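Please look over the sequence and the structure before reading on.

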Amino acid sequence: EAYVNAYVTHYVANSKEKHLMAKHIMAFAMQNKDVEDLNEMIRFQLKEGGFLGESLSFKGKEFSIGDRVMFTENDHREWFVKTLESPSDCPKIGVKNGTFGKVESFNKEKSVLDIRLLKDNRLVRVNLKTYDHLDYGYAMTVNKAEGQTFDYVYGLFDPLMSANKVLIWMTRHRDAFQGFVSKEHASDINEMANVAGRSEYR
């Protein structure tokens, strides 16, 4: 709970910045089920706090205005994800697995979302009937984070982490990293190191 509270407080404060000034904040967990739980808990707090707007539901998944989302399948040729607006200095088209954006508007009748991409500020349109590969983008697995960089990272330690995964967990940030550890898993940094070391041999 402290993990989610810290993340949401920072996320809300950051969201008040203009889009191009806003920092990219990400939460990490080792296992998919923990990422799913984190996304749901973070989103619940944002919605309860009034920081998300009206919603569209599709196949049991709800997307609200203001939601941060992640594309989970490539569409480099814009077969399904269409660019509506693009900065003059942005030649890119399409999206890739791992592209992040923020929901700006939707059409319930057509199951269409308009999403502002975080990296290049393009506005793209997604028809969920033809491209159903969107997830919440507040948290992700350590494995998926490899090779990516974020401004601020909030990390949840997992005893299944190897020393290499801990290294990835702690080095994906530009500005700051804040780690959280359950007392059930480790009581201090030395025990974390011992746990991670043992996991190499499991």
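## Thr141

Thr141 is part of strand 10, residues 139-141; strands (E, at least two residues) and helices (H or I, at least four) are DSSP runs, numbered from the N terminus. The model is predicted, so local features need pLDDT of at least 70 and side-chain atom pairs count only at pLDDT 80 or more, while totals for chains, interfaces and linings use all residues. Residues are numbered from 1 along each chain as its sequence is written, and side-chain values use heavy atoms, with hydrogens and water left out.

Thr141 counts as buried because its relative accessibility is 12%, and buried means under 20% relative accessible area with a 1.4 Å probe, protein chains only. Apart from neighbours within four places in sequence, Thr141 is in contact with Ala29, Met30, Gln31, Asn32 and Val35 (contact: heavy atoms within 4.5 Å).

## Helix 1

The buried residues of helix 1 include Tyr3, Val4, Tyr7 and Val8. Among the elements covering the buried residues of helix 1 are strand 1 (25-29), helix 2 (32-48) and strand 12 (173-180).

## Second largest pocket

Which residues line the second largest pocket? Its lining consists of Asn32, Val35, Glu36, Asn39, Met70, Thr72, Asp135, Tyr136, Ala139, Met140, Thr141 and Lys144. On a 1 Å grid over the protein atoms alone, a pocket is an open set of points where a 1.4 Å probe fits, with protein on both sides within 12 Å along at least five of seven lines; lining residues have an atom within 4 Å of a point.

Helix 2 gives the largest share of this lining, four residues.

Notes
Buried < 20%, exposed > 50% of the residue type's maximum accessible area, 1.4 Å probe, protein only.
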